[in-house]
Amino acid sequence: MPFAYYARLTRAQQAVYRKSDGITEVRLTRPAELHPLVGALDSALRTEDRLATQRATDRLIRGLTDALAIPPVNVEVLAARPHAKWGELHGLYTVERGKPPKIQLWMRTAKQKRVVAFRTYMRTLLHEVGHHVDYALLRLADSFHTEGFYKRESSLFYQLVPDARGATPATVRPIEEWATVGVPDRLARLEATPSELARLMRGQSDAALSRRPAPDAWSAKEVVCHLRDAEEHLSGWVRLILAVDDPVLVTAGTAARWAVDRQYARQHAGAAWDAFGRRRDETLALFRGLAPAQWQRSGQHDRRGRMTVDHLLSLMAWHDDNHLDQLRRALDGKP
Amino acid sequence: MATIEEYAKQPKDDRMKRLERTADELAAAIKGHGGTELAKRPDEKNWAAVEVVCHLRDVEEAFNGRFQTFLAVDDMKMLPSDVDRWAVDRQYLRCDASEAVDAFRKRRAENLEVLRKLAPEQWQRGGIHAQRGKMSFDDFLSLLCYHDDNHLDQMKRALAGKA
């Protein structure tokens, strides 16, 4: 199912969207040849030196465009991210008539001026390269953010950073720690989740997805259904806070009861993932459209007390981490 | 079938009894029907019997949330729910109708318990409905009676292959 904005596109654009959505991989013939360049970029970023990072980024992107036999692209690495209307800009791909296309990447967060994490930087880099691939390799008339686009980005990421596949975070970052992270990084956490779920679920049989690691621990499928329903619930709280001054935030039932009442075990994991992705897309659009003052609007929760929109974003980032970890463990047979 | 306005004129006890009967009526209506029959839509747009039961189950849960809200704060604006989207997202057609009736029965019992415990003055507490404006517990009791009638009728029609 396409993202919600698909309905607003023209017919010609919808055709481009569908084509983009149908291509889920960009295969590199010899990805191992690029691994030293990836390692060099990781090291350069650690030095926190902009010029060193720019050079390493440029070499990696040139390596990628050469490997894919597509025209090169100019690369510019900048320091602190600028503030966009909805938050911070991570990267940008631009094409001007008569000039080579250009990728701009920001290596520091806007507020804290901290150097971004290597994987976040790589994701952004590959996201922008993905736009170049759309035009130069796939010959698409436009470069839309489709599910296929994100899958292509992921396919490149896991060819270039193979260690990341199956990596389990040693700890799930607590909500309080997420609260110290900038809005764009928390939004990036939310944005990555559908692709991460897809990667974990890909190739798994229904039996594997339905297997509970212990009688009282959810299966992978139940985790996905929970994420879908929690998305509706938590984004509903955000909408309520935006529409009503200081509302009470209630939960009808519990997550465990939803799983039983709504018969998660009978549901189709792929369809649940699809529904989650659509709702997540809407949630991200909602967050990105917020005016600065709206982030501090709040509601009252009987146990958690006052909760701002900003706090709910942290809660959602933690919630994703937590359940992605749970899903990995379920597939490994661990409760 | 009585309208909401007609139900509003009935004594509370009669309306409560109406709500108490619904789980049994649903169980009776689906008895003897196989899964295929229960999941068969009378046409493309109209729900199958199992979708109607799941809808009643989920609405009952949503009302539980609303009742909690009314008790915590009076006259708060309520946001509408997209019940058609629930049917798709929550995959009603893959659900077992009997299990859905069982879940509905539990949720209904909880809501009846909330209503039975209301003090007389609390019956006038409520919230602001997006289309209907101010609605009290008493108004919701009438609405639920009508809602039950309406969907029981819809379910019987679905099982008879009628939209």
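Student: What share of the 335 residues in chain A do buried residues make up?

Tutor: In this predicted model, buried residues account for 37% of chain A. A residue is buried if 20 or more other C-beta atoms, placed from the backbone, lie within 10 Å of its own. Local features need pLDDT of at least 70, side-chain atom pairs count only at pLDDT 80 or more, and totals for chains, interfaces and linings use all residues. Residues are numbered from 1 along each chain as its sequence is written, and chains are lettered from A.

Student: How many helices and strands does chain A have?

Tutor: Chain A has 12 helices and 8 strands. These are DSSP runs numbered from the N terminus: helices (H or I) of at least four residues and strands (E) of at least two.

Student: What is the order of the open sheet of 3 strands?

Tutor: The order is S6-S7-S8 in chain A, with mixed pairing. Its edge strands are S6 (248-249) and S8 (305-308), each of which pairs on one side only. Two strands pair if DSSP finds at least two bridges between them.

Student: In which sense do S6(A) and S7(A) pair?

Tutor: S6(A) and S7(A) (residues 298-301) pair in the parallel sense over 2 bridges. A:Val248 stands opposite A:Gln300 in S7(A).

Student: Turning to chain B, what does helix H7 reach from its first C-alpha to its last?

Tutor: H7(B), residues 137-159, reaches 32 Å, close to the 33 Å expected. The expected span is 1.5 Å times one less than the number of residues.

Student: Which residues of H7(B) are buried?

Tutor: Among them are B:Phe140, B:Leu144 and B:Met155. Just after H7(B), B:Gly161 takes a positive phi of about 75°.

How values were computed:
Buried ≥ 20, exposed ≤ 12 C-beta atoms within 10 Å, placed from the backbone.
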